Amino acid sequence: MTAQVDYLAVVFTATSGASGELLGSDEKELVQLVWQLVDVKNKKLGKVNELLIKPDLSDLTGEKEEEDVVEEDVEEENVFGADCVSKVTDIEAALNLFYLQLTNEVNSAGAGTSVCLCTDGQLHIRQVIHPEAASKNILVPECFYSFFDLRKEFKNHFPTSDLKALNVHIMAESLNIPVDVPTMWDPSAALDPAAILPAEVAAQQVQLMASVAITLLSEPFCHMFSNPERVSEKFESGTCSKMEKVSDNTVIRARGLPWQSSDQDIARFFRGLNIAKGGVALCLNAQGRRNGEALVRFVSEEHRDLALQRHKHHMGNRYIEVYKATGEDFLKIAGGTSNEVAMFLSREDQIIIRMRGLPFTATHEQVLAFFSPGDGLKEMCPVSGGRDGILFVRYPDGRPTGDAFVLFSCEEHAQCALRKHKEILGKRYIELFKSTAAEVQQVLNRYSSAPLIPVAPAPLVSMLPAVSLLPPPGSVRDCLRLRGLPYTASIEDILTFLGEFTHDIRQHGVHMVLNQQGRPSGDCFIQMTSAERALQASQRLHKHVMSSQRGANSRYVEVFPCSAEEMGLVLMGGSLSHTHTHTHTRSRSGTGLSPPPCKSRRLSPPSYSFTPAPPVLPTEAAALYPPIGQVLLAPRPLPPGHAYYPASLQLYTNYTAYYPSPPGSPTALGFFPSPSSLSSPGGLVRMPGLTYNSNGVKDLINSVQGYQYAPEEALMHAHGPMQVHDPTRTLLTQPKEWVCI
């Protein structure tokens, strides 16, 4: 708006809570709305109008009597200040009645049609009306999306004024405006900003604001009200480059968000404040799932400061914590440089749906067919742009991750697509979530930066024998593996789930597996007294439902029999593939080993019987490199009355935590006797800690100079050996990865 408006509607609001600079910070409801029309051309004032709104105090019965008293006082006193008083029951009726009365008064004045609101500061519009209307899903009349901040208009003529310290009384004194009504409330003199505003003050504040506006319009100021403040009606999604400069004073971190919340939900929470284009970035955890946090970038520091006042405001039933953040934090999450992503996100006004769990062989045609209507279905959810509206997420080497992003042209099509959640594509069910442009950037950045698991080089000679770490096929399967436990499951829940088989658990035989953050991972190992009872328990309890006493969630649990060696293998960092668990194959493709390794934190006593491992290590190295089946050590006793597990459960309790580096990596090389298939006698050495950027065999030969080795056997191998003729010599290295040569 460049031309001066015809009318100003001077507006003042009051809530049932704090006033002054804390107005709207306590989420209290609007109870009073007062305004007066100012004729800009003729410099005349209209009548003072007042709306009284009864707040919803159904959940605050203790405050109801106090609020009723305030309302009665307003009804008695406002006769002296307001010319027209109306009463409504809710904010929606108040806003609609305000718009209707304002339009009628402007039309009846006949001096023009353009009108704009004018307030003392930003809080009345941005922190009171818009947040409450958004929380109640109320449409706000168009006139509330633009307004003049009287403080900023005043500052144009008094540049030395401090916006935060200004109020209507200071402006009136600076302009030498006589106050007809005695000052009943001065915001600058209020000792407690959280105090409830006296009901009779609103009309006085409006009259003073109208007088200030008239004075600014008159000689010698001749002010032009032509550039109002704007309130964004809709959040605009977009992309952000890593090279873009983001000010630290414009970013906040919101914590405690519902996991299913989208960028539009976050924008609705901050309704009334202007978020920069593409300024909402949902944070993901290490597994690529939303962690309940988001970084939000605003258009200015002023809006960021107002956002901080919404700390612990509510989104549904959850309160949201709001903290300061930095521009670097925002760029780490939302910044991207991929041209493919930029092209995908260049289409504006598109709804993004994230697909998770896709078959690795999924194609564009299969995704398009997945969203096409089935037989007898009328619902349509066409993908916007066809093949160009689908973006598959891949690792740097081109392998698919099982994720994809799909564009839809409107909300209706997106909602239709979301109803296909957990439907089958190929042989897998597909999870569907509403996504954002920032999440697309974050997922692509995470998968394209580096492989999550470094890929070992292919063996040069496939016939070289490998030293297998798998347990022997004849191991006694006297243990149970429970998979898919509720994350809130406790030892009591596991014992209840096992029922009669609880009596067959060995002492300290329950091993809870924790993740890297020290939280339950959903896995558990249980050592039983016999293989027969372990088999019976797995047959009877497999896929039965376990409930948690500390949470309402319940899940079906998979129960498998396994051996102590297999349990030790998993605890040492491997995993048991389906092939290995059931058939004990020893093929190179079915070893079932996968990183990351894990480290035992609370382990069982060494009194269990394990199948003795063959003595493949010399006596000197045995202490540094124990057999897999003997990695369980004595647990630390729990003190009586432990807060997490009662003392009565110490008989069963054990804990195991995943750890990001190999457990107990020896600083010396492992030595293995030469297999009989090799042509010459000698031994094999295992060298953990090879660098990924080494030059292969040449570096290895240089590192073993001075030792008797067979050059023709010095071949680097994923899990293979190097033959050394002198078994008395050892090498030292720093452990980084389990790589054998």
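Start by selecting strand β2, residues 30–39: ten of its ten residues are buried, so the strand is mostly covered, where buried means under 20% relative accessible area with a 1.4 Å probe and protein chains only (exposed is over 50%, partly exposed in between). Strands here are DSSP runs of E with at least two residues, helices are runs of H or I with at least four, and both are numbered from the N terminus.

A word on what you are viewing: this is a predicted model, in which local features need pLDDT of at least 70 and side-chain atom pairs count only at pLDDT 80 or more, while totals for chains, interfaces and linings use all residues. Residues are numbered from 1 along each chain as its sequence is written, and side-chain values use heavy atoms, with hydrogens and water left out.

**Around β2**

Pick Thr13 and you will find Leu33 of β2 as its bridge partner. Now show strand β3 (residues 44–53), antiparallel to β2 and joined to it by seven bridges. Leu33 stands opposite Leu51 of β3. The β2–β3 hairpin has four residues between its strands, and Lys43 in the turn has a positive phi of about 55°.

**Into the core**

Next, select Phe98, Leu117, Phe144 and Phe270, the residues with the most contacts inside the largest nonpolar core, which has 50 residues. Such a core is a set of buried Ala, Val, Leu, Ile, Met, Phe, Trp, Tyr and Cys residues joined through side-chain atoms within 4.5 Å. Helix α2 (residues 91–109) gives the most to this core, with six residues. At least three residues come from each of domain 1 (7–57 + 76–182 + 194–230) and domain 2 (251–334), with bounds from an automatic or database domain assignment.

Zoom in on Phe144: leaving aside neighbours within four places in sequence, Phe144 is in contact (heavy atoms within 4.5 Å) with Leu95, Phe98, Leu117, Ile125, Ile129, His130 and Val231. Apart from this core lies another, of 32 residues, among them Val10, Ile177, Val212 and Ala213.

**A last stop**

Go to Arg356 in strand β15 (residues 351–356). Is Arg356 buried or exposed? Arg356 is buried, with a relative accessible area of 13%. Not counting residues up to four places away in sequence, Arg356 touches Gly288, Arg289, Gly402, Asp403, Tyr429, Ile430, Glu431 and Phe433.

Note on methods: Two strands pair if DSSP finds at least two bridges between them.
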